[in-house]
Structures are given as C-alpha cells and as structure tokens.
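Work through the exercises below with the model open beside you. Each task is followed by a stepwise solution.

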Amino acid sequence: MSKFHSTISRRDFMKAIGVGAAGVGAATAATPVFRDIDELASASSVAPNEKRPWFVKERDYLDTTCEIDWNVLKRWDGVWDDWAAHLSQEEMNIRAKLYTDRELKHEPGFTQMDYAMSRASWMALSAYSKYGTDNIDDSIYEVFKNDFPPPYGYLPNGNAFVPPIFVSQGILPPEVTGVPRWQGTPEENAAIYRTATRISGGAQTHFLPLDDRTVKLLTTNKGGKPVVFEDVPLPYTNEDKCVIPTKCKYVAVTLITQNKAMAKNQGPDMAANQASYKAYSQTGKTTFMMRCFMRGLGYTIVYPPQLNVAWAVVSGIAEQSRMKSGMAPECGTLYRKCLVGVTDMPFPTSMPIDAGMMKFCFDCGKCADLCPSEAIMNKEEQREPTWEITPADATAGNPTHLKPELFNIHGRKAWPLNQFACMNYWVEHGTDGCGICQGTCVFNNFNLSSVHGLVASVVSKTSLLNGFFYEADKLWGYGNLDEESRDEFWFKPDKYLPTDKYLGTNY
Amino acid sequence: MWTTDIVIWSLISFALGIGITLLIQLIRRNNIVVRWYEWLIGVIGLLLLLFTIQNFYTAFGEFSSKAGWIFLATTGVASFILLALAFQLPNIRHRAQ
C-alpha cells in the first residue's frame with residue numbers, strides 16, 4: 001500500500017459513517033429527557049425529600065450536619081438589630097451621611113439605573129406585605145374573597161350577563177363553592193404543594209412536623225406581641241397576641257432562589273443588591289399566591305417570623321455554611337431565603353442532608369477571605385464551627401458597644417457572623433447590600449461546566465481534596481462576573497440576562 | 001432541539017465514531033500491537049480532552065473566561081500529552097520490529 005495514500009473500501013467507509021451516526025445518536029440520548037415512564041413518575045416527587053443530585057445523602061430526623069443542642073436552643077424573641085443598637089447617636093449620624101453622599105457621585109455600580117432598580121426590586125415585597133401576606137390572621141381572605149357566589153355571571157333574576165371569568169376572580173373556598181375540601185394522603189399533599197409553589201415562583205420544598213423541638217425555630221413574638229397557639233378555626237391577631245391554630249401542625253419549607261448573573265454583578269454596590277431584593281419580592285409573591293391557593297383548597301396557612309436558615313438546614317433543603325446562610329446542592333448559597341408555612345395540611349417528614357458542603361467550609365473560607373467587613377470568620381481564626389457567638393469585644397466595623405445577642409443565638413454549632421460589621425459596611429459604603437460572599441462561593445456557579453458537578457460529587461464522598469479544590473477555584477478565577485460587566489450590564493441584556501427561548505423569561 | 005450543546009456534541013460524536021473506526025482499521029491493517037496500558041492511556045487522554053472541551057466553552061457561558069483558558073493550559077495540555085503517548089508508544093515499538 002502507498003505510504004502517502006491510504007485506500008479505503010466503500011464497505012469500510014460506510015461502516016465508519018454508521019459508527020459516527022451511532023455517536024450522534026448517543027449524544028442525543030445523553031440530553032436530559034425522560035427515557036421511560038418510571039423516570040417520569042419519579043421526577044414528580046411525592047417523597048418526603050425532593051429528588052436531589054445522586055451524591056446527596058439523607059440523615060436521620062433532626063440529625064443535621066450542623067450540630068444543634070435542642071436543650072440550649074430557645075425560641076428567639078424576634079428582636080433584631082444589626083446596626084443602630086451598637087452605635088452612639090453621633091456615630092450613626094456620621095455614617096448615615098456617607099450613604100446619602102454616595103448617590104450623588106454616579107460611579108460604576110452606583111448609576112441612576114442601579115439605584116432605581118434596587119429600590120424597585122423591593123417594592124413588590126412591600127406591596128404584598130401591605131395586603132397581609134405576613135399577617136397571622138385571615139385578612140388576605142377578607143380582602144381578596146370573591147363577593148359573587150356561584151353560579152358565576154348570573155343576575156339575581158337568573159339571566160347570565162357576563163362571561164363567568166369576569167366575576168369568578170378572588171378566593172373561593174369550599175364553603176362557598178360547595179366543592180368538598182381536598183383530602184389527600186400526606187404524599188399526595190406534598191406533590192400538590194410542591195407543584196403550587198413552583199407555579200408561584202418557589203423551588204424545592206421540604207416538610208417538617210411542628211413538634212416540641214422544631215417549634216423553637218419560630219419566634220416568640222411578632223410586632224411586639226407574643227405568638228401563641230390556640231384551638232381556634234382560623235389564625236387571628238388582636239391587641240394582645242398573634243394566634244396560630246393548634247391544628248396547624250405541619251410546616252412546609254420552600255426555597256426561593258436568586259438570579260445568578262445579578263448576584264455576581266460585582267458587589268458590593270447598588271447593582272448587586274438587585275438580585276437580593278428581586279428575590280425578596282418573589283418571596284412576597286409566592287407567599288401571597290400560596291396563602292390564596294391553600295385558602296381556596298380549604299386549608300389554613302400562615303408564614304410567621306422564624307429562623308429560616310435553621311428551617312432549611314433541619315428540613316434538609318440545605319446545609320449550614322460559613323457565611324451563615326444555608327447551602328443547597330442545586331444552587332449553593334444563591335438563594336435568598338426559605339418560606340416557612342405553618343399549616344393544617346398533612347405532609348410527610350423530610351430528612352436532613354449531607355452533601356459534604358458544610359465540611360468543605362472547614363478548609364475553604366473563600367467568602368471570609370473576600371469579605372470586606374471581616375464579618376465572616378476566616379479559617380485561620382476559626383476553622384471548625386463553634387458553639388460560641390460573636391464576642392462582645394469584636395472590633396470589626398468599629399461598634400460603640402456591640403450587643404451580639406441581637407443578631408446571634410446560642411444552641412447551634414456554626415460560624416457566628418458579625419452581622420453588625422456586615423450591615424455597617426453597607427451603610428459606610430453607600431450600598432443596600434454587599435453580596436461578595438454569595439457571588440464568589442465555590443458552590444455558587446452557573447453549573448454549565450461539568451467541573452462543578454465533579455467537585456460537588458467528590459466533596460460529598462471525601463474531604464481530602466477540599467483544600468485543593470479551594471485553591472483551584474481561586475486560581476481558575478470563578479466568582480463574580482468579569483470586570484467588563486460593570487460598563488456593559490445595563491447595555492447588553494442579551495449577554496447577561498438572556499430570555500429563555502421557549503418560556504420567554506429569565507428568572 | 002438544536003442547541004449549541006447538541007450541535008457541538010453531535011459533531012464530536014460523529015468525528016469520534018469515524019476516527020475510532022479508522023484507527024482500529026489502521027491498527028489491524030498494519031498489524032500494530034497495542035498493549036492494554038497504552039489503550040488505557042489513550043482512553044484517559046480522550047476523556048480528559050472531552051472534559052477540557054466542555055469546560056472551555058461553558059466557562060465563557062458562565063462569564064469566567066479566565067477559567068476557560070486555564071482549562072486549555074492545564075487539562076488540555078495534559079490530554080494532548082497522554083494522547084501523544086498513546087499514539088507514539090505502539091508506533092515506536094512497531095518501527096523497531
């Protein structure tokens with residue numbers, strides 16, 4: 001055979017084409033579609049725990065990777081202050097002025113558009129709160145109930161006069177429609193609730209019973225009034241107390257995610273704030289829709305004040321992180337909060353998870369390295385979690401008189417966050433938030449590159465490579481958007497916030 | 001259906017299918033002996049190359065261009081070294097015979 005020219009028979013050529021075509025078929029088959037009915041059925045989960053990545057392990061009830069001493073943990077009174085209570089009036093006056101002055105400078109990340117959108121992102125939450133989403137009462141029904149009972153669209157004389165859609169809006173519970181209240185098994189209820197929260201803009205949902213331990217994760221007070229339980233049909237608030245019916249023995253914990261590109265938009269500045277506030281507004285919308293939905297099904301649900309990170313960890317939505325927030329396998333710490341709905345709809349009980357993420361924080365500390373306010377404990381000063389809270393003599397942020405019990409609680413083994421130092425940084429630098437920690441956490445990626453899944457699956461099995469992965473993440477440069485985003489973000493929406501080809505949205 | 005991902009991986013699969021078929025035919029036609037560890041080096045090199053390609057172009061989609069280039073310089077170079085070894089070891093032995 002010639003050294004420079006290789007002849008191939010027609011048979012061999014067609015065979016090669018066939019093998020190549022088989023490869024195309026394999027590539028198509030590798031795309032994430034359902035291969036059979038069993039896979040389709042299991043994806044619409046009725047199980048207590050959502051379907052998580054394969055490397056996530058479940059633990060026993062209340063056996064979280066973040067140790068909790070249920071004998072020490074007490075219901076928090078809900079009194080929170082991460083700035084004013086730690087400063088003299090003189091210092092408050094000086095620092096507050098820094099915030100106001102910055103708006104006049106019009107710097108990158110502090111443009112007119114950034115200020116306007118940061119404030120607009122908050123507004124939806126304010127609107128929903130105005131109509132009672134956070135109230136411990138039935139006021140949402142009182143405001144939004146439908147005043148036209150069925151049959152819809154009919155005058156008293158029996159003549160139809162409008163399409164029913166025009167008068168069948170608003171909340172219509174079973175006692176009005178005559179349709180029997182939905183009754184399902186706990187597993188069916190779990191699936192229904194999950195479907196409803198996803199329609200309403202939420203993500204994963206897990207469930208817990210409200211027992212003598214989990215009740216400690218609710219606050220004792222709301223708006224200066226005690227939150228108590230009584231045997232009543234509906235929740236109510238009067239001048240003395242906020243009352244949750246004792247029939248509300250089940251808790252649904254729903255994760256509300258953040259837009260990743262917005263969260264990584266070069267915090268701390270007004271641009272990066274918008275991801276948080278947009279997500280807060282989403283919490284308002286999801287809460288509102290779920291309260292209306294459950295009332296329409298014939299069930300009671302309230303969303304009382306609580307320790308939402310603790311609910312996420314105990315229910316298995318997430319693990320505890322060094323930066324104080326929860327870390328979910330699907331999105332890292334890039335979720336804003338969990339909605340905690342206390343209801344009388346029966347649910348199964350979810351279990352805590354172990355994906356090696358909290359253990360990774362022992363040897364990572366990237367968030368602490370980059371924290372400009374020294375609010376997060378770095379691994380040199382505290383490698384492992386501790387039962388201690390922020391010391392009263394901590395100097396980060398230059399407090400006048402630090403009162404850490406106003407933002408830390410006892411009873412859990414974690415890395416205490418100096419919330420005053422964090423909030424004070426925002427004030428002194430003229431932002432409504434920071435978010436460097438969220439933008440740069442090793443687990444907070446877009447998850448397009450396969451290396452992220454590889455790292456997550458390895459850390460779930462062994463901690464031996466955690467230090468290497470931390471160094472590699474820094475070297476590879478993962479974290480916030482590239483520097484050019486500062487000038488481009490408002491002028492290249494297709495690059496940073498592309499709409500979904502089929503759904504037409506970008507959440 | 002024809003997203004960037006599917007187009008890229010379809011082309012890669014097509015090329016792999018043709019390439020592997022021709023490689024095996026070449027080995028048989030020339031009676032080249034390939035030992036098991038040389039096959040293993042070749043498979044690892046190929047997987048590392050595919051890993052590099054996937055992480056390179058998705059790094060740009062994640063706004064992490066630096067990560068993409070570092071993948072080329074690290075796992076990409078490593079994959080080429082392994083593939084070169086896998087090709088050259090049997091080739092050298094064959095010429096020596």
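**Exercise 1. Locate B:F63, describe its backbone and decide whether it is buried or exposed.**

Step 1. B:F63 sits in the loop between α2 and α3 (65-96) of chain B. Helices are DSSP runs of H or I with at least four residues, strands are runs of E with at least two, and both are numbered from the N terminus.
Step 2. Its phi is positive, about 60°, although B:F63 is not a glycine.
Step 3. Count neighbours. A residue is buried if 20 or more other C-beta atoms lie within 10 Å of its own, exposed if 12 or fewer, and partly exposed in between, with C-beta atoms placed from the backbone.
Step 4. B:F63 has 21 C-beta neighbours inside 10 Å, so it counts as buried.

This is a predicted model: local features need pLDDT of at least 70, side-chain atom pairs count only at pLDDT 80 or more, and totals for chains, interfaces and linings use all residues. Residues are numbered from 1 along each chain as its sequence is written, while chains are lettered from A and ligands numbered from 1 in the order in which they are written.

**Exercise 2. State how confident the predictor is in chain B and in the complex.**

Step 1. Chain B has a mean pLDDT of 92, and 99% of its residues reach 70 or more.
Step 2. Within chain B, confidence is lowest in helix α1 (residues 4-29), at a mean of 91. It is highest in helix α2 (residues 36-61) of chain B, at 95.
Step 3. For the complex, the ipTM is 0.90 and the pTM is 0.88.

**Exercise 3. Find which residues of helix α16 (residues 466-476) of chain A are buried, and what they pack against.**

Step 1. The buried residues are A:N466, A:F469, A:D473 and A:W476.
Step 2. Look down the axis of α16(A). The buried residues fall within an arc of 95°, so they line one face of the helix. The arc is that of the directions from the helix axis to the C-beta atoms.
Step 3. On the other side of α16(A), A:F468 and A:L475 are exposed.
Step 4. The buried residues of α16(A) pack against α11 (357-363), α12 (366-370) and α15 (450-461) of chain A, together with α3 of chain B.
Step 5. Just after α16(A), A:G477 takes a positive phi of about 85°.

**Exercise 4. Trace the pairing of strand β11 (residues 335-343) of chain A.**

Step 1. Two strands pair if DSSP finds at least two bridges between them.
Step 2. Strand β7 (residues 250-257) of chain A runs antiparallel to β11(A), joined by eight bridges. A:V251 has A:V342 as its bridge partner.
Step 3. Strand β8 (residues 301-302) of chain A is also antiparallel to β11(A), with two bridges. Here A:V302 has A:V342 as its partner.
Step 4. Check burial: nine of the nine residues of β11(A) are buried.
Step 5. Contacts of A:V251, leaving aside neighbours within four places in sequence, include A:F207, A:V340 and A:V342. Contact means C-beta atoms, placed from the backbone, within 7 Å.

Definitions and conventions: pLDDT = per-residue confidence, 0-100. Contact = placed C-beta atoms within 7 Å.
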